[in-house]
Amino acid sequence: MKEEIKLKSYPHKHLLGIEGLLPDSINFLLDLSQKYVIYLKDNGKKLNILKNKTCINLFFENSTRTRTSFDLAGKKLGADMLNISVASSSIKKGETLIDTAMTLNAMQPDLIVVRHHDAGAVKLLSEKVNCGVINAGDGPHEHPTQALLDALTILSRKKTISGLKIAICGDIMHSRVARSNIHLLNTLGAEVRVIGPATLIPKDIESLGVKVFYKMKDGLKDVDIIIMLRLQLERMSGSFVPSIREYFRFYGLNRDKLKYAQSDALILHPGPMNRGVEIDSELADDLDRSAIFEQVRMGVAVRMACLKALVKCN
Amino acid sequence: MNLKDPFNNRKQSPNYLLKNGFVIDPCKNKIEKKDILIKNKVIEAINKEISVDPNEFEIIDCNNLYISPGIVDMRVNLGEPGLEHKETIKSACMAAASGGVTSMICMPNTIPAIDQPAIIQSIQRKAREVALSKVFCTGCITRGHEGNEISELQLMHESGAVGFTDGNKSVANARVMKRALNYVKSFNGLIIQHAEEPELSAGGMVNEGEISTRMGLAGIPSYCEAMIVERDLWLVKDTECRYHVSHISTKETVEIIRNAKEKGIYVTCDTAPPYFLLNELSLENYRTFSKLSPSLRTEEDREKIVEGILDGTIDAIVSDHTPQDQDAKRLPFNQAEFGGVGLETLLPMILSLVKNKNLDLIRAISLVTKNPSEILGLDVGKLNIKSEADLMIFDLEKPWKIKPEKFYSKSKNSPFDSILVEGRNLMTFVRGRLVYKF
């Protein structure tokens, strides 16, 4: 094993994406997450590391798991969590993103977690506030904490990421999870492939350092990890793929297709799952092969680590 | 002239003698040190060492400065009527005068759209009152630029429309396009196309490729442009109408137009500074000032556009002035409007081709004066004796930094924000009047 220089702190003000992060920064967050995994397993009692700190969850898109996960992570660290969802805020009344940012900034929060439906919107908001900002998903651009929790899940089962063959399957084009995962897994030395119908593979994705496959049989050959992506309902019938049954037939993961991969290949899915669309229902529930619920647990630890790393403690 | 106000729109004007400037005459293809005599609005004489009675003429020393026809800008969005918070005829004319633009050809995407003669007359009346730049209108090819029915093309032509275009929209329907091309033939009208296949580009934000994939933005394939041009060329070949492609941005389009010209098809085209100076890397950090239509393309496209300018495939250069107020640009990238201002930066951008690409200075000036004027069939952009004196006097070397906050345009959305340039317009004459002095 080569000697690693360990960082003492996370070297950036924000966590807006994985692209551009050095392996040291990623490893710092993963190491810290690891500690919180153990802590959650041991007792999980509330800490007071972020006591008197205020974090705002600002979600312009509906989300259950990511928002709850950040909420829970913050509370475990003793922070005061504020949830703002767009449906009940003045954003619906026509306020611009920059005005929202300035208003929240005036309340002097210690951190803002943002999800927005437009790529780059979280970056724009981060430029207008004094505190740290975590991107909880910006359009099809990035979702860095999801990539971190996927990496943490892989590490817990496979001990390393370097050298693994990892396939990301499904709607790559509209997926921020795919982009963040590609950047992270590549940075840590994995061999990343994407598999999907050509209508859902974005142009020049190869330049991000992945191999493209259009057939599950070819793409899954010898892989150690399979990351299945959710296919949005509105893209199922006739626009990007002709029908659900056709999609499931060629790209849905079942036991037959799983045989192409390594015999101990692990299945990940960022959720929420469409059972019978991208993944066979019975397979999703097989805890030996599928780490889908483990991912959710890891999610809380990763978000605790990110909150801890980005909130300035005196 | 009031020193605090660089603009002058007084009706009375003295006569001028411009002494010792390097006179660029695109028609004679010459640069010579000469004097220009302006009397009663027109160029009275261009000669060596003209002497006059100093009581009768205001003498301007142009030593070391260049004098050329004022810029004829084929693609300007005025903002008036309907979008006065972005730009008014007055602010656009001020921006034009300071940039050396003496003739603006405005796009019909106003509110209401210029699809009938009355709006043309109203714009021209306002422009005459402002009296800082000449304003010519284009009319919509189709009613309300909706792409369905041809508008009153000949009535607009009679009222002064110099060409027809649906502005920032393509005429998507081939049948409608064919009829429009056929129809304007009877009065030798000019059809100007913004080439972009609308179905393929729908919802797109930037050029499709590595950058759009990395940024998670919907892409517009670059061949959307070439597809429409190729389709149109079939129609042009059939109808033999005058056809002009506006602000081309891709290597494929340059290639197609080059081939068509070799085959003798009547087609002309222009491009704008962002397409020969910038590429899609300017979109870094989701910079909305670089969100343009057409999109910024790859470096290879940019190089081919430069090649097209150098070998004469591209006939003209336009500012593609598209003012957007702050609220239309300070938004997440997807929500921000397209376009950038350009009237006040066009001259140094053209001159950059002279400095960096060895483009001949006379040819560079022709691209923004004589050529657009000839495409449009106008009597501007030249230095003919007894023609109205529309001139600019510029310093070829003067370095300056582009500071949009100093623009006269109401909008500051320049994709060239904060860059350093050389060459500056110092004085602008329109109809023999000194309308702007730096």
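1. A cavity here is a set of points, on a 1 Å grid over the protein atoms alone, where a 1.4 Å probe fits but cannot get out; lining residues have an atom within 4 Å of a point. The structure holds three cavities of 30 Å³ or more, volume being the space filled by probe spheres set on grid points joined across faces, edges and corners. Bear in mind that this is a predicted model: local features need pLDDT of at least 70 and side-chain atom pairs count only at pLDDT 80 or more, while totals for chains, interfaces and linings use all residues. As for bookkeeping, residues are numbered from 1 along each chain as its sequence is written, chains are lettered from A and ligands numbered from 1 in the order written, and side-chain values use heavy atoms, with hydrogens and water left out.

2. In chain A, H2, helix H5 (144-158) and helix H11 (292-310) each supply at least two lining residues, and H11(A) gives the most, with five.

3. Now the largest pocket, at about 1100 Å³. (A pocket is an open set of points with protein on both sides within 12 Å along at least five of seven lines.) Among its 45 lining residues, Pro140(A), His174(A), Ser175(A), Gln232(A) and Arg235(A) are the closest to the centre. Both chains show up in the lining: H2 (65-76) and H6 (176-187) of chain A, plus H5 (198-201) and H6 (210-215) of chain B, each supply at least two residues. H6(A) has the largest share, three residues. Overall, the lining comprises 15 nonpolar, 18 polar and twelve charged residues.

4. Chain A also has an open sheet of four strands, ordered E2-E1-E3-E4 with parallel pairing (two strands pair if DSSP finds at least two bridges between them). E2 (80-85) and E4 (132-138) of chain A are the edge strands, each pairing on one side only. The twist from one strand to the next averages 15°, taken between N-to-C directions of lines fitted to C-alpha atoms, on a scale of 0 to 180 degrees. E1(A) (residues 54-59) is joined to E2(A) by six bridges, and Leu58(A) stands opposite Ile84(A) in E2(A).

5. One helix to look at is H12(B), residues 346-357. Its twelve residues reach 16 Å from first C-alpha to last, close to the 16 Å expected at 1.5 Å a residue (1.5 Å times one less than the number of residues). Nine of the twelve are buried, meaning under 20% relative accessible area with a 1.4 Å probe and protein chains only. Among them are Leu346(B), Pro348(B), Ser352(B) and Val354(B). Just past the helix, Asn358(B) adopts a positive phi of about 60°.

Key. Buried < 20%, exposed > 50% of the residue type's maximum accessible area, 1.4 Å probe, protein only. Nonpolar A, V, L, I, M, F, W, Y, C, P; charged D, E, K, R; others polar.
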